[in-house]
Number of protein chains: 2
Amino acid sequence: MEKIRVAIVGYGNIGKFAVEAVNEAPDMELVGVVRRPSSLSKPIPPELNNITVVSDIDELENVDVALISMPSRLVEETAVQLLNKGISTVDSFDIHSKIVDLRNNLNLIAQDNNSVAIISSGWDPGSDSMIRGIMEFMAPRGVTDTNFGPGMSMGHSVAVKAIEGVVDALSVTIPLGTGIHRRMVYIQIEPESNFDQIKENILKDPYFVNDETHVKLVPNVKDLIDVGHGVLMERKGVSGSTHNQLLKYEMRINNPALTSQIMVASARACLKQNPGSYTLIEIPIIDLIYGDREELIHKLV
Amino acid sequence: MEKIRVAIVGYGNIGKFAVEAVNEAPDMELVGVVRRPSSLSKPIPPELNNITVVSDIDELENVDVALISMPSRLVEETAVQLLNKGISTVDSFDIHSKIVDLRNNLNLIAQDNNSVAIISSGWDPGSDSMIRGIMEFMAPRGVTDTNFGPGMSMGHSVAVKAIEGVVDALSVTIPLGTGIHRRMVYIQIEPESNFDQIKENILKDPYFVNDETHVKLVPNVKDLIDVGHGVLMERKGVSGSTHNQLLKYEMRINNPALTSQIMVASARACLKQNPGSYTLIEIPIIDLIYGDREELIHKLV
């Protein structure tokens, strides 16, 4: 069997776990990790010792799929570059309000270059979206509540870190029920910076503007970090004309490990789709799973 | 918008709820219900008063999709007949060990007749299979336990009713944890029949041969019937090389209402697949949901 040749673009939280997930996938081969040129001058982390690390993906040969392990705001630009090279891409873009635009923007580029983009392929958006979709057709009328946490939101933490004056940041999501959340933001700031101004910038950021958000100054963000996270999703709805159908989904997971694992599953699915851009609810579930098709149907259905 | 023209073939438990689910679907039109000729000589149930009821699907015009609401053992023969007419089919075939065969047998017939068969499209097999598939790619190593009930199993009850000497039957599934179940079978039998022989025939039926099964004689099965059912599915597994990923799915539902609702969703998906035969894990989730594609992505992803 020819293995799927995967590159990892970006080496933060997700990238580190993506290396492990690609190495564990029986049908994949890790071609290399693409890091920012500025990272290459620093000491190489020991776990990358036997892995090809480059600053430009053109230095890697015959990459089938690139896992874009970068902050959401850098995803589109990077995906466009890769798709134009004929390299399929997987990302975990998590700005819910901009997913349709990203999908449509990447769609034509992918089609023109015979490549596939699978976008927003983490757990939310991602596997949670698939569960929401399944619950929707099981009980078409009704309400689904998605309750996150308690847990650290990587997307939100990265967004805070990007704000001027912030040295380090942690955003913890607290579920208040019925899909309402509190966001606890813990920050370290630069000595000369203005806490009130930084706090204001955080509160008006699109990541935070819709939720109750508390910003707290702490001496050491690192001491607070635990990447465990969770979800409780509930739908009470109507099948046909029968009410009180009760559906529930819950998980407690290591966040970057799960995100990168789902990205790896999507890398596999890239090779089974027609050129274009897709969210996970547009892809048959079986395409995401390793194994023989008939054996999978026998085992899972 | 042209509506999907749906026929319901068979009018038992599922068929009754399927009428309601088709009538509630904004994109569907119920063309008619096909019943056995022997049923047509009996008084028509009042809820069918304004619905076309026939004994042969050829009496209905331009049927796009037929929902086969019949016992699993009659599904293949019926599906073959319908697919040969160019009518797409949806069934809730629930004999897990024979699903791959059914899929492969129907696949060529569907392809030859430009029709689509979506098989095993209830909740297990069906939506549960999709959840199992999602959990599998989220944590590729690990164990998934599917715990059913407590609740009445329609497939198992129908299987018992088909045994000679049985007048009425109810099979209740009791979850014992870690995917182990007890089956409580309540039967009424014909006066001249032999309970011990009937019990032996039940215990050796493929539906029961793998589970702890108790057969009990009761004066009136109808008094025991409640079509509520449920599932608790749990997976503890490994994402990449990170252990202790905890995934859980639970539902408490009206069984025939949910089954027929999922069949209706599959009827919709029939029109979006290439000719052939499919299980639900082979179909994009979005194809099963009513609504505009971009709006669904915006809402669900």
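**Figure 1. Pairing of strand 9 and strand 10 in chain A of the predicted model.** Pro175(A) stands opposite His181(A), a residue of strand 10 of chain A. Strand 9 (residues 166-175) and strand 10 (residues 181-189) of chain A run antiparallel and are joined by nine bridges. Both strands belong to an open sheet of four strands in chain A, with the order 8-9-10-11 and mixed pairing. The edges of this sheet are strand 8 (151-152) and strand 11 (212-217) of chain A; each has a single partner strand, so one side of each is left without a neighbour in the sheet.

**Figure 2. Overall view of chain A.** Chain A contains nine helices and 14 strands. The C-alpha trace of chain A spans about 60 × 55 × 35 Å along its principal axes. The radius of gyration of chain A is 20 Å, which agrees with the value near 19 Å that a compact globule of 301 residues would have.

**Figure 3. Two cis peptide bonds in chain A, at Pro125(A) and at Pro150(A).** Most peptide bonds are trans. The bond that joins Asp124(A) and Pro125(A) is cis, and its omega is about 0°. Pro125(A) lies in the loop between strand 6 (116-118) and helix 5 of chain A. A cis peptide bond also runs from Gly149(A) to Pro150(A), with omega near 0°. Pro150(A) is placed in the loop between strand 7 (141-148) and strand 8 of chain A.

**Figure 4. Backbone of chain B at Asn114(B).** Asn114(B) is not a glycine, yet its phi is positive, at about 55°. Most residues other than glycine have a negative phi. The loop that holds Asn114(B) lies between helix 4 (99-112) and strand 6 (116-118) of chain B.

**Figure 5. Contact between chain A and chain B.** Chain A gives 64 residues to the contact, and chain B gives 64 residues. About 5500 Å² is buried between chain A and chain B, and carbon and sulfur atoms give 64% of this area. In chain A, the residues that lose the most area to chain B are Phe137(A), Ile281(A) and Val301(A), which together make up 14% of what that side buries.

**Figure 6. Polar contacts and salt bridges between chain A and chain B.** There are 30 residue pairs in polar contact between chain A and chain B, counting pairs with both residues at pLDDT 80 or more. The elements of chain A that give two or more residues to the side touching chain B include helix 1 (13-24), helix 4 (99-112), helix 5 (127-138), helix 8 (255-270) and helix 9 (293-300). Strand 12 (228-239) and strand 13 (242-254) of chain A are also among them. The largest share of this side, 12 residues, comes from strand 13 of chain A. By residue type, the side of chain A that touches chain B has 33 nonpolar, 17 polar and 14 charged residues. Eight salt bridges are found across the interface of chain A and chain B. One salt bridge pairs Lys299(A) with Glu136(B), where the closest N and O atoms are 2.5 Å apart.

**Figure 7. Strand 13 of chain A paired with strand 13 of chain B.** Strand 13 of chain A and strand 13 (residues 242-254) of chain B run antiparallel, joined by seven bridges. Within this pairing, Tyr249(A) stands opposite Tyr249(B).

How values were computed
Residues are numbered from 1 along each chain as its sequence is written. Chains are lettered from A and ligands numbered from 1 in the order in which they are written. This is a predicted model: local features need pLDDT of at least 70, side-chain atom pairs count only at pLDDT 80 or more; totals for chains, interfaces and linings use all residues. Side-chain values use heavy atoms; hydrogens and water are left out. Contact means heavy atoms within 4.5 Å. Buried area is the accessible area (1.4 Å probe) that two parts lose on being put together, summed over both. A salt bridge is a side-chain nitrogen of Lys or Arg within 4 Å of a carboxyl oxygen of Asp or Glu. A polar contact is a pair of N or O atoms within 3.5 Å; within protein, one must be able to donate a hydrogen and the other to accept it, and residues adjacent in sequence count only if both atoms are side-chain atoms. Ala, Val, Leu, Ile, Met, Phe, Trp, Tyr, Cys and Pro count as nonpolar, Asp, Glu, Lys and Arg as charged, and the others, Gly among them, as polar. Two strands pair if DSSP finds at least two bridges between them. The radius of gyration is taken over C-alpha atoms; the globule rule is 2.2 Å times the number of residues to the power 0.38.
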